[in-house]
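Morning, everyone. Please have a look at the chain on the screen, and then I'll walk you through a few of its residues.

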Amino acid sequence: MRRSALYVCVLVASLAGEARAFECKLSEQYDYISLAWTKRSIPYGLTTPSVQLDPNLVVRSVNDAFDQWSRPDCTDIRFEFVGDVDKERDDVNKVEFVSGAWDHASDAVALTRTTYGVEDGIIRVATIEVNEATYQFLDASTGCSPDSLTYDITAVLTHEVGHLIGLDHTKFFTRVPSDPTMAPEVAPCEMDKRTIEEDDIEGLCLLYPAGEPPGHCKRIPAQADPYVGNTAFGCSAARGWDSDHGSFMFLALLCALILARKLSPSDNVRRRAPLRRGSSCSTTHSRSSSHTSPSKKL
Ligand SMILES: [Zn+2]
């Protein structure tokens, strides 16, 4: 008995002291709702092609980036490459190379936009944009000059896929090779982010545990007073047909209206959570002017 109590104490102490570095993207409207896909097979395709990279390299890099996130045994999330897709399609996730006007932060090498329900946190669709308007990309394994603003395309895309599945930037990173892939910066020629780290895997498998429903990064806050007592429901308040016919008819009509609203399929559509676009790269990290490394935001 005493030993089991000790085990409980140790467990409680270990949970209390549990520190995680990974962060989940949260709903803009409710900061206790973390974002996640409900399906485990996620299609993705290519839209606007790269003006810098060979198409075969692009396909290989994109596939390698998605593949990284389906490798750990603790998850069963999978990704399906569907080839070239129309830019206007909103039923498939896209990787887009932007060589014209870049409408986002100029120091962002790439970013991921997700469309999700603000009230349910379910991600519907996502687009990864690569900033070819400002930066150069290549396969750094074939040679790369760290003095230039040139970035490894696979490393950049692997980070962005982390956003696509609902992860945000980790706050704990020290600009060393063992940093999580979800650290918010990438250095020129850096390939470390091609492979996900233990911290990334913890976030991945919390959100998409193998054989289990999606996990959540936050708990819904408890109500201050969860009980409401002696609340009557129903429509039996009329005192009698003759004495209060008008009230009875009014309540009957009210009940009919309530039932009709509950059963109306069109109304159900209206009741669905609104969708809102949000950037997954709203990093709070700002680059210090004393940095010597020309790392860029991801
Ligand atoms: Zn990022």
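In which helix is glycine 162 found? Glycine 162 sits in helix H3, residues 153–164. Helices here are DSSP runs of H or I with at least four residues, strands are E runs of at least two, and both are numbered from the N terminus.

Two notes on the source. This is a predicted model: local features need pLDDT of at least 70, side-chain atom pairs count only at pLDDT 80 or more, and totals for chains, interfaces and linings use all residues. Residues are numbered from 1 along each chain as its sequence is written.

Is glycine 162 buried or exposed? It is buried, because 29 other C-beta atoms lie within 10 Å. The cut-offs: buried means 20 or more other C-beta atoms within 10 Å of a residue's own, exposed means 12 or fewer, and partly exposed is in between, with C-beta atoms placed from the backbone.

Next, contacts. Two residues are in contact if their C-beta atoms, placed from the backbone, lie within 7 Å. Leaving aside neighbours within four places in sequence, glycine 162 touches Trp69, Leu167, Thr181, Met182 and Asp200. Take threonine 181: 19 residues from glycine 162 in sequence, but 8.0 Å away, C-alpha to C-alpha.

Now the loops. Most residues other than glycine have a negative phi. Arginine 175 has a positive phi, near 60 degrees. It lies in the loop between strands E9 (167–168) and E10 (185–186). Arginine 175 counts as exposed, because it has 12 C-beta neighbours inside 10 Å.

Cysteine 189 also has a positive phi, about 70 degrees. Its loop runs between E10 and helix H4 (198–207).
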